[in-house]
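Reader: I would like to go through the terms used for this structure and see what stands behind each one. Please take them one at a time.

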Number of protein chains: 2
Amino acid sequence: MDDYREKDIDRLFYALSDSTRRKMLLRLTKGDTSISELGRPFDVSKQSISKHLKVLEDAGLVHKQKNGRVQKCRFNMDGFSVVQNVVEEYKKFWEGQFDALEDYIETIKHKEQKK
Amino acid sequence: MDDYREKDIDRLFYALSDSTRRKMLLRLTKGDTSISELGRPFDVSKQSISKHLKVLEDAGLVHKQKNGRVQKCRFNMDGFSVVQNVVEEYKKFWEGQFDALEDYIETIKHKEQKK
DNA sequence: ATAATAATTAGCTAAACAGCTAAATAAAGT
DNA sequence: ACTTTATTTAGCTGTTTAGCTAATTATTAT
C-alpha cells in the first residue's frame, strides 16, 4: 500500500488531469459498465475512449475484466486511495506548519508571563 | 470557490503529476521560500525550476510575491482545496454506491419478510 | 459460413511538454 | 560604475500526448 513509487503517483495524477477521463471515472464510481457504454456520452471515437481507459488502467484507477467480447470496467479504490493519501499528506504538513506556529506563539506567551 | 472550470481542474492535477513539482509543493507546505532555495535540492537548471514553478502557479497551487530581487513563494491552500474537494466527491460517489447497495439489500430483506 | 458487435492495434498529425543553453532584466553589494 | 545574484525569456531538441482513420482480432448472432 505504501510501496507506490513516484512514477506511479505521476501516473495517477496525470490520469486525473483530463476531464474526459475524470468523467469516465466518475461514471465508474456509480457502477461497473462496458467500454462502449462508458464512451457513449463523449463526442470522440471509440479508439480515443480505449486510450483514455488505458491511461486510467495503467494508473491503477480502473480494472478491466473480459466477459465474452465485452470488457467490464470497474473503479479501483486501491489506486484512488493512493491519491487520497497523497492529498492528505500535503494537508497535514500544511496544517502542521500552523500547529508549529501556534506552539511558537504559546512559547512566546509563556516567556512573556515569566517576565 | 465552486466556479472552477474543468480546465482549471486539469491544470491542478497536471501540476501534481510530476514528482519534482510535488516535492517543490511539499517543501512549500512547510513554509515560504525563494525560488533558488526551492530549486536547490534538484539536479536541474534554475530555468527548469522556474518553469515547474510557473506550472504550479498557473494551477493556483502557489503564489509568488516579489521582494526586491527575490521571489517569495507560498503554498496556496485555496487551489489545493479544490483538489481535495474533487477527490472527496469521487469517494462520496463510490461510497454512495455501496449505500445504494445496502438500501437495496434492505429492500430485499423487507420483501422477504412480507412473504 | 457470414455478418454484426466489442474492442484493440498501427500509423498518422498537430500540440504540449521537459530539459537544455544563451541572453536579458532587474535589484543589491562593492 | 561594475559585479554579483535572482529570476525570466527565447529558442532549440526529443518525447509524449490526443485525436483521427483504417485495419485487425475475437466473440456472438443469423
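Author: Helices (H or I, at least four residues) and strands (E, at least two) are DSSP runs, numbered from the N terminus. Asp103(B) has its place in helix H5 of chain B, and Met77(B) is found in helix H5 of chain B as well. The model is predicted: local features need pLDDT of at least 70, side-chain atom pairs count only at pLDDT 80 or more, and totals for chains, interfaces and linings use all residues. Residues are numbered from 1 along each chain as its sequence is written, chains are lettered from A and ligands numbered from 1 in the order in which they are written, and side-chain values use heavy atoms, with hydrogens and water left out.

Reader: What makes Arg11(A) and Asp8(A) a salt bridge?

Author: A salt bridge is a side-chain nitrogen of Lys or Arg within 4 Å of a carboxyl oxygen of Asp or Glu. The N to O distance between Arg11(A) and Asp8(A) is 3.1 Å, so the pair meets the definition. Both residues lie in helix H1 (residues 6–15) of chain A, three residues apart, about one turn of the helix. Over all chains there are 14 salt bridges.

Reader: Which residues does Met77 touch in each chain?

Author: Contact means heavy atoms within 4.5 Å. Leaving out residues up to four places away in sequence, Met77(B) touches Lys91(A), Trp94(A) and Gln84(B). On the same terms, Met77(A) touches Gln84(A), Lys91(B) and Trp94(B). Met77(A) has its place in helix H5 of chain A.

Reader: How far apart in space are Met77(B) and His63(B)?

Author: Met77(B) and His63(B) are 9.9 Å apart, C-alpha to C-alpha, and 14 residues apart in sequence.
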